[in-house]
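Dear colleague,

I am handing over the structure below, with an account of what was found in it. Please read the notes with the sequence and coordinates open beside them.

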Amino acid sequence: MIKLLSSSSFSFPKEPPRKNEDSILPPRKVGDGFLMAVADGVGAYAGASSASESAIDYLTSLPPSAFEGGDATKQIFEQIRSRISNLVTENPSYFEAATTLTFCYAGEYGVRIGHVGDCRVYLKENGKLRQVTKDHTQHQKLIDEGLYRPSELKEVRGKSTLFSAISKNVSLHFQEVFISYNDFCDKDGSISLFLMSDGAYHSWEVRPRFLESTLDDPNRFASNLRRRIMRLHPVDDCSLVAARFVRASQLELFD
Amino acid sequence: MDGYHGNYKYRIIKRIGKGGFGFVERIELFNIEGVRCGEYARKCLSDLDKEIREEFRRRFAREVSYQASCVHTNVANIYLCDLKSEQPWFIMDLADGDLQDDIDSGALTVSQKIKIILMVLDGLIYLHSLGYLHRDIKPSNILRFGDVYKVSDFGLVKNLDKSAESEVITKIAMAMGTANYMAPEISAAGDYSKRSDIFALGVLLEDLDMLGNPGVHEVFKRSTTRRPNDRYAEVQDMRDDLVAAVQGER
């Protein structure tokens, strides 16, 4: 059994009068685990916020069994893709509506991560955050394929161009990760997860460090990161879901 | 008459081609006085499903606007268009054939091949000078008008003009074009650049069976190498090397 010790989240638009095209799912009890997610509607196409909302709505409707089985993640993404494809019936201009989606299901033995796009999941490990998901951006793919060196793309536009997202017009390409608690539990047995949209991690990556006491406290992490984003000025809509869990057997250590 | 547009009218002779989202007709064009201007090609957007109609009308309008802005001997130009009708269309010169047919016929001489590839390169140099990428260079998109070859089919042309993209907006890159002429960065991540057009031009050298000349083979290798930054940066550089390689064969 896993228990939620603490969590904090935020989601706000780049500029106040503008629509927030991110949608988030703060930790929600689903069966014996917790589900949380960040979706970032792809801004170049009409229906971005409807697409990200639709993805989160679908996740919240799922029973615990939907996260079990070998092809659970694939099924979830395919169902969401089908919902987003149907958005065009509500509004013909949503023909190209698209969203990214990154979700974590913290179950009994570990965390199952499903990921499409450029939101990120970080785990706290040895006093630092380790990025677990791989950005589905054009630049990352070009580097992975050995077509460019990172230095060659440093000043080149296109960092926010995706090669994968959930959309009627794009073939589904997703990353699935399962990480056992045995592999990343903190010294005190706690598990800290951080989901961020690109607007949020843009500021985090400027200087990817906070005091360890801040990393251990999702509320403090959220307020510090938010302050940093405002100071640097948001480059996009910004979302964070931060949560700290502990396995039930470890919980006794806190008593 | 089958249609009127401004001071012109046209009669459809027959349909001469069909693609996924449109078709091409051979037409006879007249001015309003009934004076025959000659035979032309009319490209029309098909009657598409409501769901995709608006998007494809937008793309068609973009194709027309880019192609109409080109004035160069080696780029097929557009004379008339109607983008507001139910089925948008444009009128261009009627081609005598395309490069694919001429390659298939096996009748092209070495000297003709050299002239053809230089015409295509000149067309591309012009397109790139306007900030356009063609993104679908292949023999069937190179049309022949008499002895002159012109780059055509602007369906996938992209404007590199950065001013239109001042705000950082997330978008999705998609691989479009024809697999055989697609640079690795396109298939992997939908990344287009002048160098991906240069890759397709390199494949064209192979299509024309010109690699027997060691100099041309070197140009081919440098045009189609896997890493974009190892290719020619500009079509003009490729042209210069090619001209040097074929000295004596022209």
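The domain bounds used here come from an automatic or database domain assignment. On that basis chain B divides into domain 1 (3–93) and domain 2 (97–245). Before going further, please note that this is a predicted model, in which local features need pLDDT of at least 70 and side-chain atom pairs count only at pLDDT 80 or more, while totals for chains, interfaces and linings use all residues. Residues are numbered from 1 along each chain as its sequence is written, and chains are lettered from A and ligands numbered from 1 in the order in which they are written.

The C-alpha centres of the two domains of chain B lie 25 Å apart.

The contact between the chains takes 22 residues from chain B and 22 residues from chain A. On the chain B side, helix H1 (50–68), strand S12 (171–172) and helix H4 (184–189) each supply at least two residues, and H1(B) gives the most, with five. The residues of chain B that touch chain A comprise ten nonpolar, three polar and nine charged. Two strands pair if DSSP finds at least two bridges between them, and strand S8 (residues 161–162) of chain A is joined to S12(B) by two bridges, the strands running parallel, with A:Thr161 opposite B:Lys171.

Within chain B, strand S5 (residues 78–82) and strand S6 (residues 89–93) run antiparallel and are joined by four bridges; they form a hairpin with six residues between them, and B:Leu80 has B:Ile91 as its bridge partner. Elsewhere in chain B, an open sheet of three strands has the order S7-S9-S10, with antiparallel pairing. Strand S7 (97–98) and strand S10 (148–151) of chain B are at its edges, each with a single partner strand, so one side of each has no neighbour in the sheet.

Chain A has nine helices and twelve strands, and its C-alpha trace spans about 55 × 40 × 40 Å along its principal axes. Helix H6 (residues 198–206) and helix H8 (residues 218–232) of chain A have axes (lines fitted to C-alpha atoms, for helices over the stretch in contact, with angles from 0 to 180 degrees between N-to-C directions) that come within 9 Å and cross at roughly 90 degrees. H6(A) and H8(A) are therefore roughly perpendicular, a term that covers 65 to 115 degrees. A:Ala200, A:Ser203, A:Trp204 and A:Val206 of H6(A) meet A:Leu225, A:Arg228, A:Ile229 and A:Leu232 of H8(A), which by class gives six nonpolar, one polar and one charged residues.

With best wishes

Definitions and conventions: Contact = placed C-beta atoms within 7 Å. Nonpolar A, V, L, I, M, F, W, Y, C, P; charged D, E, K, R; others polar. Parallel < 35°, antiparallel > 145°, perpendicular 65-115°, else oblique.
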